[in-house]
Every structure is written in C-alpha cells, then in structure tokens.
Amino acid sequence: MANDSLLDRSRTIAGPGYNRWLIPPAALAIHLAIGQAYAFSVFNKPLGALISGDVSNPAPDDWTPTQIGITFSIAIVLLGLSAAVFGKWLERVGPRKAMLASALCFGGGFLIASLGIHLHNIWLLYFGYGFVGGIGLGIGYISPVSTLIKWFPDRKGVATGMAIMGFGGGAMIGSPLANNLMNHFKDSAPQGVAPTFIVMGLIYLVFMQFGVWTIRVPADDWKPAGYVPSTEHNEMITTGNVSADNAIKTPQFWLLWVVLLTNVTAGIGVLETASPLVQETFSDGAMGAGRGVTAAAAAGFVGLLSLFNLLGRFFWSSASDRLGRKTTYAIYFGLGILLYALVPTLGRSLQLTLFVVVACVIISMYGGGFATVPAYLSDMFGKYQVGAIHGRLLTAWSTAGVLGPLIVHTLHEHAQEQGLKGAAAYQNVFYTMAGVLVVGLLANLAVRPVKEDYYEKGPVTIEAGGH
Amino acid sequence: MSTPANLSSATPPAQEPAAVGGSAILAWLYVGIPLAWGVSQTFIKALALFK
C-alpha cells in the first residue's frame, strides 16, 4: 500500500533470500537492553544518598531503600500488564512498530527518571523508570517472540531461548555500565546518577534501533529450506490456532499460568536470599576463622547465579525442542523439588561446593522456565497470536514478583524472631518453595491438548488477528 | 547456517541462503560484543567466590 509507513507490518515482510539468522540478533538487541531492569539494584545505594553524598550515612531527607525498591516493583508489574494489554496490538502492527515503541518508552523512561533524580522527586522516578520504562519492558519482552517462532518453526525453543537469554545478559551489561558511568560523573552530579540515567537512556534508545530496523516477518508461505513439518502425530503440538481471547478461556492457559508463577516464585526465593544466605550459612563462626564466605565472595556467588540464569535460558529451552515442553517442565519441577529440599541439609552440613552447584542448577531451571514457555504456548495454541497469549501469561511473572519476596521475607523474619540463625533461618523458605514447586508439577501434569472447539475456524491471517 | 540434515526432504530448497553471510556475522557481533563484555565482567566478579 502506498500509504504504508516504514513501521507497518506490511513493510517488514522479508523478501526472498532473507537470512533468518539476522532475526535472533535483532531480538537480542531489544532483550539485552531491557534486561538492564534486573540490574536496577546497582542504583539503590547511590539513589539513597543523593542529599547526604555518603552512601553509608544517608540524610533524613534521602530516599529510603523501600522507597527506591518500589521503582523496580512498578517496572515489573507494568511489564506484565503492558505485555498483556499490548499483545494483540503487537500482533496487528508487527514487531517493528512494537520494538520502536519499546525503545522510546524504555529510553524515554530513563530520561524522565533522570529529571526526577535531578529534582529529587521520587514520583518522577516512579513515573519515568517504573511506569513508562515498565511499559517499554513489557512491549519489548514480547515483541520478537512470535516473529522468532514463525522464522524457526523447526527450532522454536532454540530461537526463543536465544532472545530470552538476552534478557538475562542485559543485567550483566547494565550493572558494570552503570557503575562505570556513575564513577565517571561522580564529580558533576550527586553520586553521578542523573547524568548516568541520561546517558544510559540514550545508549539504549540507539542500541535498540538495530532491532527495530533489522527485524522482518516471514511471508505467509515461507518455510525454512528443506523443512517439512513432522507428519508424526504429537498430541501436545497443536495443528490448530487459538486466538488470545479464546486462549484465556481454556484451562490450559491457566495451568501454564500456574506453571510459570510457581517456577518464578521459587526461583526468586533463591535470588532474593542468595547473598545473605551464603554468608550467614557459611560464616566464619560455622566454617572456622578466616574460612567463611566474605561479602565479596557472596557477590561472586550472585554473579555465578547470573551466569547460570543466562546459560539455563538457552540450554533448557534448546533441550525442550528434543525433550518436549511438558517433559522439560516436569524436569524443572521434579528435580527442583529435590534440590530445593536439599539446600538446607547442605547448609547444615557445611557442604559449600555442593551447595553452590545445587544453587546453580536451580537457577538455570528458573531461567529455563522463562525461555521455554513461549514455545510451550506455541505448541498448545498455535503461532497465530502466540505473542499476545505470551503477553497475557506474563502477568504470572508480575504476580510472582510480588509473591516470591513476600514469602521469603515473611518466613525469614519469622525464623529470626524464633532465634534461628544461619542455614536454619532459611530452611522454611526452601521447604516452602519445594512445596510451591509441587503445585507447579501438578499443574504441568494436568496440561492436556486444547479442545478443537477453541480453534479458529478457517484459515487465519495476521490482519484478522488484530480485530 | 544450513538446516540440519535430519530435517531435509524432497521439498525444493528456497528462500534461505546456504551460508550465514557477512551481514549476519556483523549482526551477531553487534550484540555479541556487549554481551561478551557483560559476561566477562560477571565472570571476574564470580571468581571472588573461589578465592
């Protein structure tokens, strides 16, 4: 159409010979940027000392850790909500427009937040990074998913694993980048935070443009060279297509919602407690003078978990192409229950090496759960509106983002009130999380193929999906 | 990158190039370099655990 803009879906349909291996880097350009959200804690101390100028001695008017922490919570809640709300819009307008919207919101959120930091107005920080940036997170997170599934029908898990691995990698870039920038600007602004936000906003806005302008959708009749869909009947991979509106009427959607909720809630149990857990469990008092885990070593432990979170996203999601999604989740939950229940025992018996190994496996399955779910949804509901369905499912992540820390802090505080210390103060957290995984295991086992009544009648087109 | 042999069939190969190509290599470098930097920074931090 002559009036189509460069952003319209019709202008992003790939021509003959387009190399599909350009699509994962386009997706990664978005996910590596928005994954910065998981590194927000790097700003906690500097933001809490904007007035006093001393991170170890905040002034009464400085923002408290709780006030600052709300920023991240708003962003994660908005991630889920915007993914749910804008999923169908994304399917209609295509990934390019959605990626641009994500870049503008995410980069713009940083810029608004920098003004809030400069004026010491926390509501502007909430609005910028939390609300506007959070919308960028949600749209950006789902924007490449259905496109990847369409380009890689033969390797759905590999393709979505690569992109969602980027979200894990984004924190690894965002944290040292922020530290370097704050150090660079420390003499020109309090803690160097406001100019750091401006520069990071601009960097991400520009970096994400690569994804915006590289992304393409395949033509309707496109297939990978030599690819023939398996004629072997697999009842867990649908041949039909279910719309996003119909998907949420199926029990399968809500079972998968519980699957994601439980996997994420349990994983947050480890992530939230990792640093204090390893320090308190393997302290000098328990291990012997000079042999305990120091604060620097605990930070190393958290870094190691981040690496396994990243690797797990790609490894498990790729493995699911061969194992099947339901089996892969059964491993996450079955193995997870055993490992979570083992953590307190390893802590009590001071088995540090095994403790670290177990935590790394646990966190790899946490990351794997995020990366495998888009392919699971595609298997269950077809690729027609899988991006929109994925968006709606991500409300489970937002819920887990509230539920996980709540469980952890409530149980840990209760244990401390009872005078428990070290590993004992955390054992109920891990036993409870093992119980949470039992719920997930049962939900996963209950997943059955979607009834044909929910399928779209007749051939489906992307345009039809938007109305 | 070519498609694995076990997925091939008699369908005439079409629109996908046989090799990755220069543009794809550049695209992977664009995202790979910052990712490798971030991973290396995290890895260095993680080494503290083993000291």
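A disulfide is a pair of cysteine sulfur atoms within 2.5 Å, and by this rule the structure, which is a predicted model, holds zero disulfides over all chains.

| Residue | Relative accessible area | State |
|---|---|---|
| A:Cys105 | 19% | buried |
| A:Cys360 | 4% | buried |

Because buried means under 20% relative accessible area, A:Cys105 with its 19% counts as buried, and A:Cys360 with its 4% counts as buried too.

The remainder of this report concerns the interface of chain A and chain B. Here 43 residues of chain A are in contact with 35 residues of chain B, and the area buried between the two chains is about 3300 Å², with carbon and sulfur atoms giving 71% of that area. Of the area that chain A buries against chain B, 16% is supplied by A:Trp21, A:Ala225 and A:Gly226, which is more than any other three residues supply.

Between chain A and chain B the count of salt bridges is zero, whereas two residue pairs are found in polar contact across the interface, both at pLDDT 80 or more. On the side of chain A that touches chain B, the elements giving two or more residues are helix H1 (23–34), helix H7 (156–184), helix H8 (193–214) and helix H12 (295–323) of chain A; H12(A) gives the most, with 10 residues. Sorted by class, this side of chain A has 31 nonpolar, eight polar and four charged residues.

Conventions
Residues are numbered from 1 along each chain as its sequence is written. Chains are lettered from A and ligands numbered from 1 in the order in which they are written. This is a predicted model: local features need pLDDT of at least 70, side-chain atom pairs count only at pLDDT 80 or more; totals for chains, interfaces and linings use all residues. Side-chain values use heavy atoms; hydrogens and water are left out. Buried means under 20% relative accessible area, exposed over 50%, partly exposed in between (1.4 Å probe, protein chains only). Contact means heavy atoms within 4.5 Å. Buried area is the accessible area (1.4 Å probe) that two parts lose on being put together, summed over both. A salt bridge is a side-chain nitrogen of Lys or Arg within 4 Å of a carboxyl oxygen of Asp or Glu. A polar contact is a pair of N or O atoms within 3.5 Å; within protein, one must be able to donate a hydrogen and the other to accept it, and residues adjacent in sequence count only if both atoms are side-chain atoms. Helices (H or I, at least four residues) and strands (E, at least two) are DSSP runs, numbered from the N terminus. Ala, Val, Leu, Ile, Met, Phe, Trp, Tyr, Cys and Pro count as nonpolar, Asp, Glu, Lys and Arg as charged, and the others, Gly among them, as polar.
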